[in-house]
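Let's take a friendly walk through a protein model. Have a look at the sequence and the structure below, and keep them at hand while you read.

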Amino acid sequence: MAVTIKTAAEIEKMRTAGRLAAEVLRMIRPHVKPGIKTEELDRICHDYIVNEQQAIPAPLNYRGFPKSICTSINHVVCHGIPSGKILKKGDSLNIDITVIKDGFHGDTSKMFFAGKPTVAAERLARISHECMRIGIELIKPGVRLGDIGHAIQKHAEASNCSIVREYCGHGIGRAFHEDPQVLHYGKPDTGLVLEPGMTFTVEPMVNAGKRHTRLLPDNWTVVTKDHSLSAQWEHTILVTEDGHEVLTCLPGEQI
Ligand code: MF3
Ligand code: CO
Ligand code: CO
């Protein structure tokens, strides 16, 4: 599939979808505390997306995924399935929201803590956020995807953490996952040259231990092979004429 360049009208729809996805993350924050089940978080997000936003939760039935959001706790890297599991004090989790509005997708995730985080979880959340931010800040026409992946990888490894290789960022628009693949590791001066109108996600998964992952028998849940903590943040980005716009950042909020 070729990389799509969005028209002005399509970009406007991507802005709306991005804002809605970000608003779900803002809405769910006060609900993330010890004692809640991840399936309760899923239900609250589902109802908000469907009833308040009149939008569609993209994960639901996507390639058979059974829920409306992904909840990835502690050593879960990504694609955790909401369940009867109860959050306990000190758990860290990624909540990943993708909505479809007017035919376009917005995809974003953040780290949350149930109660007070451990020092290790807080450090990893900070480093993975820095990785995402370093990648996003480079985005402008003429820059290559390898430049971005390299900068992200360098920061993670300088902090003695590792970057997951099996999963990556992606083009996004009418489809949930479009070309290009946005690797969070790589070599400078390689890969796709960015152009205005491209939209894609940056979503590095950073492990405190080794980079290797294992897929659980449910065929969705990805965990670290060594059971070390993992953390991830995600934004949907538009390449503009002179830089980039973060489509999943709300006015007045930091990326
Ligand atoms: N939102 C995830 C991403 O960032 C994809 C989740 S696919 C699902 O690409 F089926 F697990 F929802
Ligand atoms: Co994504
Ligand atoms: Co996502």
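Which residues coordinate the cobalt ion (ligand 2)? They are Asp-107 (OD), His-170 (NE2), Glu-203 (OE) and Glu-234 (OE), at 2.0 to 2.3 Å. A donor here is an N, O or S atom within 2.8 Å of the metal (3.2 Å for Na, K and Ca), and water is not among the atoms, so sites may look incomplete.

Before going further, a word on the ground rules. This is a predicted model, in which local features need pLDDT of at least 70 and side-chain atom pairs count only at pLDDT 80 or more, while totals for chains, interfaces and linings use all residues. Residues are numbered from 1 along each chain as its sequence is written, chains are lettered from A and ligands numbered from 1 in the order in which they are written, and side-chain values use heavy atoms, with hydrogens and water left out.

Back to the metal. The arrangement around the cobalt ion (ligand 2) is irregular because its 6 donor atoms subtend angles of 51 to 162°. For the labels, four donors are tetrahedral if all angles lie between 85 and 135 degrees; four are square planar and six octahedral if opposite donors are over 155 degrees apart and all others between 65 and 115; anything else is irregular. Along the chain, the donors of the cobalt ion (ligand 2) follow the spacing D-x62-H-x32-E-x30-E. The site links distant parts of the chain: Asp-107 sits in strand S5 and His-170 in strand S7 (residues 169-171), 63 residues apart. Strands (E, at least two residues) and helices (H or I, at least four) are DSSP runs, numbered from the N terminus.

Now turn to the other cobalt ion. The cobalt ion (ligand 3) lies 3.3 Å from the cobalt ion (ligand 2), and Asp-107 bridges the two.

Buried means under 20% relative accessible area, exposed over 50%, and partly exposed in between (1.4 Å probe, protein chains only). Asp-107 has a relative accessible area of 2%, and Glu-234 has one of 0%.

Some of these residues also meet ligand 1. This ligand is surrounded by 14 residues, the closest being Pro-59, His-170, His-177, Glu-203 and Glu-234; a residue counts as near if one of its heavy atoms lies within 4 Å. A polar side-chain atom of His-170 lies 3.1 Å from an oxygen atom of ligand 1. For His-177, a side-chain N or O atom is 2.8 Å from an oxygen atom of ligand 1, and for Glu-203 the distance is 2.8 Å.

Next, look at Met-132, which lies in helix H3. Met-132 is buried, at 0% relative accessibility. Leaving aside neighbours within four places in sequence, Met-132 is in contact (heavy atoms within 4.5 Å) with Val-202, Pro-204, Trp-233, Glu-234, His-235 and Ile-255.

Where do the nonpolar side chains gather? The largest nonpolar core has 26 residues, and those with the most contacts inside it are Ile-139, Ile-148, Leu-194, Phe-200, Val-202 and Val-206. Such a core is a set of buried Ala, Val, Leu, Ile, Met, Phe, Trp, Tyr and Cys residues joined through side-chain atoms within 4.5 Å. Helix H3 (119-137), helix H4 (145-158), strand S9 (199-202) and S14 each supply at least two residues of this core, and H3 gives the most, with 6 residues. A second, separate core of 21 residues includes Cys-45, Ala-55, Leu-93 and Ile-97.

Note on methods: A polar contact is a pair of N or O atoms within 3.5 Å; within protein, one must be able to donate a hydrogen and the other to accept it, and residues adjacent in sequence count only if both atoms are side-chain atoms.
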